[in-house]
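The following exercises concern the reading of one protein structure.

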Amino acid sequence: MTSPVQPLGKISFSSRRKLLKLGLCGLGALALTAVPQVVTAQTANGSRTLTFNADDVGILNFALLLEELEAAFYAAVVKSGKISNPKELDYLRALGRHEAAHVVFLRQVLGNQVTFQTKDLRFNRQGLNAVLRDRDTILNTAVSLEDTGVHAYNGAGPKLTNPTYLLAAGSIVSVEGRHAAGVRALLGRPVTEPDSDRAVSDAELVDELNPFRGRAYDELYTPKQIVEIVGSLNLINNPIAGALVA
């Protein structure tokens, strides 16, 4: 079932990919965009296909989509009433404000190069409900989203040629890393991501992106791997296409 733009949540997770079954969601708040220039085709179920080209604009729009997902997720968490600890709730609210600010920031950086509006996003209600099931599910979903964000930004970095876009991405990824550590601490999990938590196995890592494999934290993922992770969460109904994720 498709729901209009709304926050998201998370799902059950025996594995990170299942966990990330949330997919992407967007909140319906921060739309200071110009008219999308890149294609958003209408599908049979009313969801628009989000297309990302393999260039700077495509990469930064893809980052915007991830930020929309995170912003929507935290907004949904706050609204869910499933976090009863006031300190935890305050912390998650703060993370939500950060992610919402990232959405605004990226839209401003992209200007008229933004390729989709928040209102174009369609979310899977069942998927959202699943990730908002209880406190532990919510926090584990938050960890997965934040960790995935770090892998995504780092993986896209080498492809960016526009210095402004690279600066924008770099200024966000460090914040995402801190978010991941903070939520991990709430759960009593290691504040840095162990290899065993990674959604992409060693064998699946792309050599070109990971010349230091096994010798550093935060291995780099390709956009296609990020889409696979997010798509497995079944939280967004929008098809995702384009050379960037091919």
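The axis of a helix is a line fitted to its C-alpha atoms over the stretch in contact, and the angle between two axes runs from 0 to 180 degrees between the N-to-C directions. The model examined here is predicted.

**Exercise 1. The packing of helix 2 and helix 6**

Determine how helix 2 and helix 6 are oriented to each other, and state which residues make the contact.

Solution. 

Step 1. Two packed helices are described by the angle between their axes and the distance between the axes. The axes of helix 2 and helix 6 (residues 163-187) come within 11 Å and cross at roughly 25°.

Step 2. Angles under 35 degrees count as roughly parallel. Helix 2 and helix 6 are therefore roughly parallel to each other.

Step 3. The crossing of these two helices is left-handed.

Step 4. On the side of helix 2, the contact is made by Asp 56, Val 57, Leu 60, Glu 67 and Glu 70. Helix 6 contributes Tyr 165, Ile 172 and Glu 176.

**Exercise 2. The packing of helix 3 and helix 5**

Describe the packing of helix 3 and helix 5 by angle, axis distance and handedness.

Solution. 

Step 1. Helix 3 and helix 5 (residues 135-156) pack at about 30°, and their axes are 13 Å apart.

Step 2. The crossing of helix 3 and helix 5 is left-handed.

Step 3. From helix 3, the residues Glu 88, Leu 92, Leu 95, Glu 99 and Leu 106 take part. They meet Arg 135, Ile 138, Leu 139, Glu 146 and Tyr 153 of helix 5.

**Exercise 3. A cluster of aromatic rings**

Work out how Phe 52, Phe 62 and Phe 116 are linked by ring pairs.

Solution. 

Step 1. A pair of aromatic rings is described by the distance of the centres and the angle of the planes. A search of the whole structure finds three aromatic pairs. One of them joins Phe 52 and Phe 62, with 5.5 Å from centre to centre and 80° between the planes, and is edge-to-face.

Step 2. This pair links distant parts of the chain, 10 residues apart: Phe 52 is in the loop between strand 2 (50-51) and helix 2 (56-80), and Phe 62 is in helix 2. Both residues of the pair, Phe 52 and Phe 62, are buried.

Step 3. Phe 52 also pairs with Phe 116; the ring centres are 6.3 Å apart and the planes stand at 80°, so this pair is edge-to-face. Phe 116 lies in the loop between helix 3 (86-110) and strand 3 (123-124), so the pair with Phe 52 ties together parts that are 64 residues apart in sequence. Phe 116 is buried, as is Phe 52.

Step 4. Through ring pairs, Phe 52, Phe 62 and Phe 116 are linked into a cluster.

**Exercise 4. Two individual residues**

Decide whether Gly 182 and Leu 132 are buried or exposed.

Solution. 

Step 1. A residue is buried if its relative accessible area is under 20%.

Step 2. Gly 182 belongs to helix 6. Its relative accessibility is 17%, so Gly 182 counts as buried. The C-alpha atoms of Gly 182 and Leu 95 are separated by 9.7 Å, although the two residues are 87 residues apart along the chain.

Step 3. Leu 132 is in the loop between helix 4 (125-131) and helix 5. With a relative accessible area of 12%, Leu 132 is buried. Its C-alpha atom is separated by 8.9 Å from that of Phe 73, 59 residues apart along the chain.

Key. Residues are numbered from 1 along each chain as its sequence is written. This is a predicted model: local features need pLDDT of at least 70, side-chain atom pairs count only at pLDDT 80 or more; totals for chains, interfaces and linings use all residues. Side-chain values use heavy atoms; hydrogens and water are left out. Rings of Phe, Tyr and Trp (its six-membered ring) pair if their centres lie within 6.5 Å; planes under 30 degrees apart count as stacked, over 60 as edge-to-face and the rest as tilted. Helices (H or I, at least four residues) and strands (E, at least two) are DSSP runs, numbered from the N terminus. Buried means under 20% relative accessible area, exposed over 50%, partly exposed in between (1.4 Å probe, protein chains only). Angles under 35 degrees count as roughly parallel, over 145 as roughly antiparallel, 65 to 115 as roughly perpendicular and the rest as oblique. A crossing is left-handed if the near helix is turned anticlockwise from the far one by less than a right angle, and right-handed if clockwise. Contact means heavy atoms within 4.5 Å.
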